Amino acid sequence: MLRTPLFDEHEAMGAAFTDFGGWEMPVRYGSDLDEHHAVRNSAGLFDISHMGEIRVKGEAAELLDYALVSKLSGMKNGKAKYTMICNADGKVIDDLIVYRIEADEYLIVANAGNRHAVLVQLLNAAEHFEVEVTDKSEQWVLLALQGPKATAVLNEFVDIDLDPLPYYSIASGKIGETAVLLARTGYTGEDGFEIFIPDTEALKIFRAIAVRDEVRVCGLAARDTLRLEAGMPLYGHELTLDVNPFEANLGRVVALDKDDFVGKVALTELQTQKTWKLYGLKGEGKRAARAEYEIYLPGGENPIGQVTSGALSPTLGYPVAMAFLDGSLELAIGSKLEADVRGTRIDYEVVELPFYRR
Amino acid sequence: MANPAELHYTKEHEWVKVEGDVATIGITKYAADALGEIVYVDLPKVGSSTTHMKICGEIESTKSVGELYAPMDGEVVEANDSLSGSPETINDDPFGEGWLVKIRFTQLPDLLSSSEYDAFIGE
């Protein structure tokens with residue numbers, strides 16, 4: 001299994017580890033609930049170096065307009081955009097955050113398990129353009145500092161003022177003598193930053209932030225419950241090669257008015273045929289329907305779909321789930337449903353996504 | 001935390017404390033750590049009967065579900081009801097306040113000693 005440059009540090013801190021996308025990653029350091037609440041109430045620090053970072057330089061805007069589903073050429077320097085890369089069938093290869101560094105230079109952050117699939121797709125498309133596609137994943141450590149106190153803490157380390165930087169932006173700065181990229185993005189539903197650091201300089205920066213009283217170091221367990229509450233998809237659950245962006249309520253990122261791009265023909269067809277639709281569900285009691293548990297209409301005999309992610313929400317105190325349900329049902333907010341939780345029917349109802357908003 | 005020498009263990013990561021014909025059952029620190037913070041416990045009702053190696057309850061953390069296997073045939077004489085309000089007690093004190101049920105048993109199966117359990121979990 002792959003390890004991040006900070007693995008030894010996590011181990012010394014007593015982390016428990018889990019396999020995630022081929023990486024041996026910290027799942028928790030102590031209580032995953034305490035880590036979750038620290039992000040909601042103060043600040044949490046995550047090592048997310050398993051994420052793939054791909055740099056595109058040259059005819060980058062042209063390549064990305066062709067290979068991805070959004071219009072990336074319209075971005076301004078220093079802005080970030082959430083988008084997807086689909087195959088010719090319009091199915092999702094990965095969801096991505098794309099940062100425009102300069103007019104001819106973009107940075108793409110891909111999921112750990114999809115890094116190679118994304119890279120292959122980009123390299124194939126790159127044959128049509130004067131462009132250089134470089135996998136920077138091995139050279140950078142990516143840290144996320146998330147929570148209401150994240151910006152104030154990080155401001156004490158960096159040589160620029162982070163306060164005016166809007167959400168979904170990126171800026172260059174320095175921490176000590178180390179040049180870093182600071183992106184106001186995240187996967188927790190809180191304000192915060194993702195920090196791109198050269199791997200050789202990462203340990204001292206990680207330690208300096210981690211020792212702060214406001215900051216708790218957090219593992220992937222908390223990251224998962226945080227993103228679920230924020231209604232954010234996790235590839236392999238809400239997004240897969242069996243799903244198109246419209247089914248996952250992400251049709252807004254697909255720019256069908258672009259000239260030509262990978263998946264355009266299929267996506268144009270698919271936008272009107274929703275076989276499945278992703279819903280947010282809220283449960284009764286404390287028992288959570290988890291991924292792959294089946295959902296029924298009240299008293300129904302045949303399942304209408306499956307949970308993609310589910311947990312007892314640490315912030316809200318009740319079970320929440322995202323589920324792909326029969327798209328023809330067009331369920332309204334408040335619709336009553338049931339989940340089969342290991343043989344027992346538990347009452348659920350359709351609610352708005354996200355479950356939690358800061 | 002070491003596995004207490006005075007307890008017996010199962011390969012399902014439960015501990016068993018025998019007093020007369022009643023056995024107190026809990027899960028080990030190893031199991032509690034592996035589950036993560038426990039948020040829900042479903043224990044068998046007092047008076048229900050248990051069958052060796054049959055599922056008799058569930059322990060859920062934010063990340064996963066663990067099944068509770070009855071370590072022996074018998075009848076549940078007490079369940080730790082305080083856990084429904086504070087299931088995290090199992091993480092905090094798995095060998096003490098975090099006990100799960102007491103079973104009046106008819107026959108004890110073969111159980112592991114603490115040193116055998118240490119070896120089983122590779123400690």
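## Helix α2 and its surroundings in chain A

In this predicted model, the crossing of α2(A) and α7(A) is right-handed, meaning that the near helix is turned clockwise from the far one by less than a right angle. The contact joins Asp32(A), Glu35(A), His36(A) and Val39(A) of α2(A) to Ala221(A), Ala222(A), Thr225(A) and Leu226(A) of α7(A), with contact requiring C-beta atoms, placed from the backbone, within 7 Å. By class, there are four nonpolar, two polar and two charged residues here.

Now for the setting of α2(A). Seven of its ten residues (32–41) are buried, so the helix is largely enclosed by the rest of the structure; buried means 20 or more other C-beta atoms within 10 Å of a residue's own. Those buried are Asp32(A), Leu33(A), Glu35(A), His36(A), Ala38(A), Val39(A) and Arg40(A). The elements covering them include these, all of chain A:

| Element | Residues |
|---|---|
| β2(A) | 23–28 |
| β3(A) | 43–47 |
| β9(A) | 140–146 |
| β13(A) | 215–217 |
| α7(A) | 220–229 |

Helices here are DSSP runs of H or I with at least four residues, and strands are runs of E with at least two.

On the wider scale, an automatic or database assignment divides chain A into domain 1 (7–51 + 138–229), domain 2 (52–135) and domain 3 (274–351). The centres of domain 2 and domain 3 of chain A, taken over C-alpha atoms, are 34 Å apart.

A note on conventions: residues are numbered from 1 along each chain as its sequence is written, and chains are lettered from A in the order in which they are written. Local features need pLDDT of at least 70, side-chain atom pairs count only at pLDDT 80 or more, and totals for chains, interfaces and linings use all residues.

Note on methods
Buried ≥ 20, exposed ≤ 12 C-beta atoms within 10 Å, placed from the backbone. Contact = placed C-beta atoms within 7 Å. Nonpolar A, V, L, I, M, F, W, Y, C, P; charged D, E, K, R; others polar.
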